[in-house]
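Hi there,

Here is the structure I promised to pass on, with my notes on it below. Could you look through them with the model open beside you?

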Amino acid sequence: MGRFSKLLDTLDPPIDALATQEKLPQAGTPQDLIELADKTELRAPSEAVEIPKTSDEDDWLNTKIKMHSRLIDEIDLAALDGMETPALQARVHDIVKEMVHEERLKLNAAEIKDLSSGIYDEMTGLGPLEPILQDESISDILINTHEQVYIERRGELELSNVRFANEAHLLRIINRIVSTVGRRVDESQPLCDARLLDGSRVNVAIAPIAVDGPLVSIRKFSKTPFTLDKLVEFGAIPDVVAQFLWAACKARVTILISGGTGSGKTTLLNALSQSISHKERLITIEDAAELQLQQPHVARMETRPPNIEGKGEIRQRGLVKNALRMRPDRVILGEVRGEEAFDMLQAMNTGHEGSMATLHANTPRDAITRLEQMVAMGDMKITPEAVAGQIASAIGIIVQAVRLSDGQRKITSVSEVTGMEGPIIQMQEIFNYTRTGTGPKHEVIGEFRSTGIRPRCLDEITTRNIPLPEGLFEPKVLPVGKITDKTIKERVG
């Protein structure tokens, strides 16, 4: 009876009418009221939030969906297709005003404007997601079925008031996202990686993989890509460390960026790429194109999933092999995750110094171990010692990015691969970040330090006349934040 009683509270007509129809006790005497209360499990007002009920938000959403469907049926979409955005918005607003008048809805001018904006988003955009996609303070959108949408703001998750009318509504938005990049998601292929027009990363899982309903994860990217100077301002990396990485990238030192999910690997790669000369040709290879490189000469490629017959798949390994025939100066992999690691190492060892890639790992040493494991996934007839030798000669610097427990993103280690000692790859840490305590609001407190080790790649940097600050590698605590008004590019070149 408990589950049924919750539904009774949401139904229209009210409970007295239902009691008559279902022959429940009539609410005529005090005893009848007691019996009726027992059977319907009435709750105290403090517990009312737990009872599902039709809210004003649901009514508003249903109104938008209903009017959107009617608008699609009644207007000539071909006539609207050629309109500029302001004119189209104005036309939709006029049509919505007419519909509101015909339906005799009690809405004021502001509510009509909100309604027309929502319907416009349903027609041309991603419906309820449009407002939070426009919010620059939101970095992640996590959709757990059509009833629940979480957002990440300043490193913390919170439940938003965004909802979809039903599962079909959410699936329609999902199909609109994946179809724009030539991909599909259905029961035969319930998992899909895609991207939005601004480069934001999208992952979709639907039934039968998703048990309760469609699951969507959107990693938003800023409309204006972060620079190293911005990362310095945010305290993610000290100014002198940013200068060193800029100089190393400019001197064509191969850089591998490792870290966990959401640690800022792609953001850092985009920022470092700004140091690359505009005279160089870059080839980017990704599962879903999301890099935002600032160079004019960039050739972008992304993988292709198999078609409905299971054919036509193009994997990263094939793209890496093909990239070597496209006369690249540098090859940049959005993420290394499989047997393409061997081809990447081959490229880095055959005249494509300065290439960059990202991968998932907890520490720089773990990144080396993962590379070895990924090469082994390709069933290459090559000994572990030979693989280690390839890695030691190909990789110059490993940068570790970490998302801390309070949501901060930090560069916690900059390590250099120095070569082999027997079968072991040797590394030395140049800079690191050490946690020293916890603040009153549970924020992480720590400090960046220079270890005092002079990197081997410094000779290559000085040979190219790239300036670096005096005493950069002396063991000391490094200052956080901006230390001058000049940008890193103005100082390092």
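Gln316, Arg317, Val320 and Lys321 of helix 13 meet Glu340, Phe342, Asp343 and Met344 of helix 14. Please keep in mind throughout that this is a predicted model. The axes of helix 13 and helix 14 come within 8 Å and cross at roughly 15 degrees. An angle under 35 degrees counts as roughly parallel, so helix 13 is roughly parallel to helix 14.

Which residues of helix 13 are buried? Helix 13 spans residues 316-323, and its buried residues are Gln316, Arg317, Leu319, Val320 and Ala323. These residues cover an arc of only 160 degrees around the axis, so they sit on the same side of helix 13. As for their partners, the buried residues of helix 13 pack against strand 8, strand 9 (298-302), strand 10 (330-333) and helix 14 (340-348).

Helix 14 deserves a paragraph to itself. This helix is mostly covered, with 8 of its 9 residues buried. The buried ones are Glu340, Ala341, Phe342, Asp343, Met344, Leu345, Ala347 and Met348. What lies over them includes helix 13 and strand 10, along with strand 11 (356-360), helix 15 (364-376) and helix 16 (384-394).

How do helix 14 and helix 16 cross, and at what angle? Their axes come within 9 Å and cross at roughly 50 degrees, which makes helix 14 oblique to helix 16. Helix 14 passes helix 16 in a left-handed crossing. On the helix 14 side the contact is made by Leu345, Gln346 and Met348, and on the helix 16 side by Gln390, Ile391 and Ala394.

Now for the chain overall. The protein chain has 18 helices and 16 strands. Of its 493 residues, 46% are buried. Among contacts in the chain with a separation of 6 or more, 57% are between residues 24 or more positions apart.

Next, a few single residues that I would like you to look at.

Asp140 lies in strand 1 (residues 138-144). Is Asp140 buried or exposed? Its relative accessible area is 8%, and buried means under 20%, so Asp140 is buried. The side chain of Asp140 makes a polar contact with the side chain of Arg219, at 2.7 Å. Leaving aside residues up to four places away in sequence, Asp140 touches Tyr150, Ile151, Glu152, Ile218 and Arg219.

Ser277 is found in the loop between helix 12 (265-272) and strand 8 (282-286). Ser277 is partly exposed, with a relative accessible area of 30%. The side chain of Ser277 reaches the backbone nitrogen of Lys279 at 3.1 Å. Ser277 and Cys249 are 28 residues apart in sequence, and their C-alpha atoms are 10.0 Å apart in space.

- Thr145 is not a glycine, yet it has a positive phi of about 70 degrees. Thr145 is in the loop between strand 1 and strand 2 (149-153), and at 14% relative accessibility it counts as buried.
- Asn465 is not a glycine either, and it has a positive phi of about 60 degrees. Asn465 is in the loop between helix 17 (458-463) and strand 16 (476-478), and it is exposed, with a relative accessible area of 69%.
- The peptide bond from Ala207 to Pro208 is cis, with omega near 5 degrees. Pro208 is in the loop between strand 5 (201-205) and strand 6 (215-219).

Thanks, and best wishes

Technical notes. Residues are numbered from 1 along each chain as its sequence is written. This is a predicted model: local features need pLDDT of at least 70, side-chain atom pairs count only at pLDDT 80 or more; totals for chains, interfaces and linings use all residues. Side-chain values use heavy atoms; hydrogens and water are left out. Helices (H or I, at least four residues) and strands (E, at least two) are DSSP runs, numbered from the N terminus. Buried means under 20% relative accessible area, exposed over 50%, partly exposed in between (1.4 Å probe, protein chains only). A polar contact is a pair of N or O atoms within 3.5 Å; within protein, one must be able to donate a hydrogen and the other to accept it, and residues adjacent in sequence count only if both atoms are side-chain atoms. The arc is that of the directions from the helix axis to the C-beta atoms. Contact means heavy atoms within 4.5 Å. Axes are lines fitted to C-alpha atoms, for helices over the stretch in contact, and angles run from 0 to 180 degrees between N-to-C directions. Angles under 35 degrees count as roughly parallel, over 145 as roughly antiparallel, 65 to 115 as roughly perpendicular and the rest as oblique. A crossing is left-handed if the near helix is turned anticlockwise from the far one by less than a right angle, and right-handed if clockwise.
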